[in-house]
Amino acid sequence: MKVALYWTGYILFCLFALAAGTVTAYIGSNELVQILLRDALTPGSQNPLPKDELYVLLLGADEQRMPGGKVIEGARGRTDTIQLIRCNFKDNTIGMMQIPRDTEVDVPGHGRGKINSVHVFKGPEATAQVVAQLTGIRPDKVVVVNYETIRTVVDMLGGVEIDVPRNMKYRDRRGDLDINLEKGRQLLNGEQVVGFLRYRRDSDFFRGERQQLFLDALRRKVAQKKLTFAELDRLSRQVSRLVTGNITHEEIVYLGLWAKSVPTTNVKSGRLPVREGRSTNLIPIPDELDQALVESGLKDAPPSAVPSIESESSS
């Protein structure tokens, strides 16, 4: 049950950004609308975000299951997606670095192991600490999402249209997977999208390809969908209920409002540099970290060297 959910950060941004231009005279019990109305009356005065930048750690948690497939309620699952996101408000840019789930680290209290197990043993804050040790960047906020988030969001948007690249059939009773998708463009509901993303009979490369297909489909749907106030109210409540971590509803709203203004050319993404280790473990490559942080948009590039007057005169 391994699936990368690094694009879920975009999902959150897109969902809440939908409300940015829709609220006019609507006043009700919806907290999202109230936040937007307050900001419209006194722009920026309610903004809880820092002025310069914010680092968000996005964790996609799997489900813990008993033999036979029953979900263990309340149990923390493995974080098979770990994405460190930099929201640079000053430069209006977004940077994202994917940390592979099989990266070998010191698991607090359990010796060496894969980073996706830290959440199971110690929770999201411990995962943030391990990420800080890996990257040198301490996340300001941690967001945890799960499969139910994806199902709910897709169904509330009326499904998403995806061009399925190949026939996909896979059954795993313990994992509660029964995937039966045919090749070709089609409208997928929430359950089908989760199956599309969780399909196991190919490599991580193709999993990444499927994730990108889903992200593109979601963006198209969000751009086309015109939500009524009732739908907006229901959607914002559902997403707030399903997303956990130390980030508030109000902070997510303002992140969405800001993200709407960020052009695609200002979004960078990359991956923590790793090499193959024992079994399926991946070993971090410290010597390549700084360059990867810059390429991922998590760190500013060093200023270009300014030639000295002496070197100019000698030439």
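Contact here means heavy atoms within 4.5 Å. Axes are lines fitted to C-alpha atoms, for helices over the stretch in contact, and angles run from 0 to 180 degrees between N-to-C directions. Helices (H or I, at least four residues) and strands (E, at least two) are DSSP runs, numbered from the N terminus.

The model is predicted: local features need pLDDT of at least 70, side-chain atom pairs count only at pLDDT 80 or more, and totals for chains, interfaces and linings use all residues. Residues are numbered from 1 along each chain as its sequence is written, and side-chain values use heavy atoms, with hydrogens and water left out.

The secondary structure of the chain comes to 11 helices and 14 strands. Of its 315 residues, 49% count as buried, where buried means under 20% relative accessible area, exposed over 50%, and partly exposed in between (1.4 Å probe, protein chains only). Among the contacts in the chain with a separation of 6 or more, 68% come from residues 24 or more positions apart.

Two strands pair if DSSP finds at least two bridges between them.

With strand β2 (residues 79-88), β1 pairs in the antiparallel sense over nine bridges; one of the residues involved is Leu-59, whose bridge partner in β2 is Ile-82. With strand β6 (residues 141-145), β1 pairs in the parallel sense over five bridges, and here Gly-60 has Val-145 of β6 as its bridge partner. Eight of the nine residues of strand β1 (residues 53-61) are buried, so β1 is largely enclosed by the rest of the structure. Further out, two bridges join β6 to β11, and these strands run antiparallel. There, Val-144 has Thr-244 of β11 as its bridge partner.

Next comes a pair of helices. The axes of helix α5 (residues 147-156) and helix α6 (residues 190-198) come within 7 Å and cross at roughly 135°. That makes α5 oblique to α6; angles under 35 degrees count as roughly parallel, over 145 as roughly antiparallel, 65 to 115 as roughly perpendicular and the rest as oblique. The crossing of α5 past α6 is right-handed, the term for a near helix turned clockwise from the far one by less than a right angle, with anticlockwise giving left-handed.

On the α5 side, the contact is made by Tyr-147, Ile-150, Arg-151, Val-154 and Asp-155. On the α6 side, the residues are Gly-190, Glu-191, Val-193, Val-194, Leu-197 and Arg-198. Together they divide into six nonpolar, one polar and four charged. In this count, Ala, Val, Leu, Ile, Met, Phe, Trp, Tyr, Cys and Pro are nonpolar, Asp, Glu, Lys and Arg charged, and the others, Gly among them, polar. An α-helix has 3.6 residues a turn, so residues three or four places apart point the same way.

Eight of the 10 residues of α5 are buried, so α5 is largely enclosed by the rest of the structure. The buried residues are Tyr-147, Thr-149, Ile-150, Arg-151, Thr-152, Val-153, Val-154 and Met-156. Just after α5, Gly-158 takes a positive phi of about 85°.

Asn-92 sits in the loop between β2 and β3 and has a phi near 60°, a positive value in a residue other than glycine. At 22% relative accessibility, Asn-92 counts as partly exposed. Not counting residues up to four places away in sequence, Asn-92 touches Trp-258, Ser-261, Val-262, Pro-263 and Asn-266. From Asn-92 to Pro-263 the distance is 8.4 Å, C-alpha to C-alpha, across 171 residues of sequence.

Ser-279, in the loop between β13 (274-276) and β14 (282-284), also belongs to a residue type other than glycine and has a positive phi, near 55°. Ser-279 is exposed, with a relative accessible area of 73%.

Ser-296, in the loop between α10 (289-295) and α11 (309-314), is buried, with a relative accessible area of 1%. Beyond residues up to four places away in sequence, Ser-296 touches Gly-95, Met-96, Met-97, Lys-268, Ser-269, Gly-270 and Arg-271.
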